[in-house]
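Welcome! Here is a short tour for someone meeting this structure for the first time. Take a look at the sequence and the fold, then read on.

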Amino acid sequence: MSKKTTIETVHGVKQEISYSTNSMTHDEQERLLTLITRVVDWHHDRNLIEGSTDKDQTLKLLQELGELSDSVCKGKDISDDIGDMLVVMLNIVERNGLNLTKCLERAWSDIKDRKGKMVDGIFVKEGD
Ligand SMILES: [Mg+2]
């Protein structure tokens, strides 16, 4: 089950987000909302929205992806790498006037009816 809520940063930016209520406790949901707000405010306070570009942040995201890849390949903890990528993605989302809900809904709309499944490391589409 999915739940939606709207958060507002100290800069007056409203962000609608949705989250699963199946895998998160109420406390975890509240902490997530607080963290998203803090991260977006942090980007504004450090001039990383107006003072940066999508190209800059996309390159930063690739850097963080490289760190994730390194950790995965070495069997290290990936939580910091995932968090760093989310921070950068929130920057790109904020600068483009998007919100996580719309982005995830669009992606979900694209994939929800896809058939097929992973078999021995290869995604096999239905009918193949
Ligand atoms: Mg990092």
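Against which helices do the buried residues of α3 pack? They pack against α1, α2 and α4, where packing is judged by contacts, that is, C-beta atoms placed from the backbone and lying within 7 Å of each other. A residue is called buried if 20 or more other C-beta atoms lie within 10 Å of its own, exposed if 12 or fewer do, and partly exposed in between, with C-beta atoms placed from the backbone.

Two notes before we start. Residues are numbered from 1 along each chain as its sequence is written. This is a predicted model, in which local features need pLDDT of at least 70 and side-chain atom pairs count only at pLDDT 80 or more, while totals for chains, interfaces and linings use all residues.

**Overall layout**

- The protein has four helices and four strands; these are DSSP runs numbered from the N terminus, with helices (H or I) of at least four residues and strands (E) of at least two.
- Reading from the N terminus, the order of elements is β-β-α-α-α-α-β-β.
- The C-alpha trace spans about 50 × 35 × 25 Å along its principal axes.
- Of the 128 residues, 11% count as buried.
- Among contacts with a separation of 6 or more, 47% join residues 24 or more positions apart.

**Confidence**

- The average pLDDT, the predictor's confidence in each residue from 0 to 100, is 90 for the protein, and 95% of the residues score at least 70.
- Confidence is highest in helix α2 (residues 54-73), with a mean of 98, and lowest in strand β2 (residues 14-20), with a mean of 74.

**The nonpolar core**

- A nonpolar core is a set of buried Ala, Val, Leu, Ile, Met, Phe, Trp, Tyr and Cys residues joined through C-beta atoms within 7 Å.
- The largest one here has seven residues: Ile36, Val40, Val87, Val88, Leu90, Ile92 and Val93.
- Helices α1 (26-45) and α3 (79-95) each supply at least two residues of this core, and the largest share, five residues, comes from α3.
- In soluble globular proteins, nonpolar side chains tend to be buried together.
- Leaving aside residues up to four places away in sequence, Ile36 touches Ile7, Gln15, Ile17 and Leu90.

**Helix α1**

- This helix of 20 residues reaches 28 Å from its first C-alpha to its last, close to the 28 Å expected at 1.5 Å a residue; the expected span is 1.5 Å times one less than the number of residues.
- Ile36, Val40 and His43 are the residues to look for here, as they are buried in α1.
- Seen down the axis of α1, its buried residues fall within an arc of 60°, so they line one face of the helix; the arc is that of the directions from the helix axis to the C-beta atoms.
- On the other side of α1, the exposed residues are His26, Asp27, Glu30, Arg31, Thr34 and Asp45.

**Helix α3**

- Helix α3 has 17 residues and reaches 25 Å between its first and last C-alpha, close to the 24 Å expected at 1.5 Å a residue.
- Its buried residues are Val87, Val88, Leu90, Asn91, Ile92, Val93 and Glu94.

**Loops and positive phi**

- Most residues other than glycine have a negative phi.
- Asn47, in the loop between α1 and α2, has a positive phi near 55°; Asn47 is exposed because it has 9 C-beta neighbours inside 10 Å.
- Asp120, in the loop between β3 (117-119) and β4 (122-124), has a positive phi near 50°; with 5 other C-beta atoms within 10 Å, Asp120 is exposed.
- Gly97 follows α3 and has a positive phi near 65°; Gly97 lies in the loop between α3 and α4 and is exposed, with 8 other C-beta atoms within 10 Å.

- Gly97 and Val13 are 84 residues apart in sequence, while their C-alpha atoms are 9.3 Å apart in space.
- Leu104, in helix α4 (residues 100-111), is 87 residues from Ile17 along the chain, and their C-alpha atoms are separated by 9.2 Å.
- Is Leu104 buried or partly exposed? Leu104 counts as partly exposed because it has 14 C-beta neighbours inside 10 Å.

Conventions
Two residues are in contact if their C-beta atoms, placed from the backbone, lie within 7 Å.
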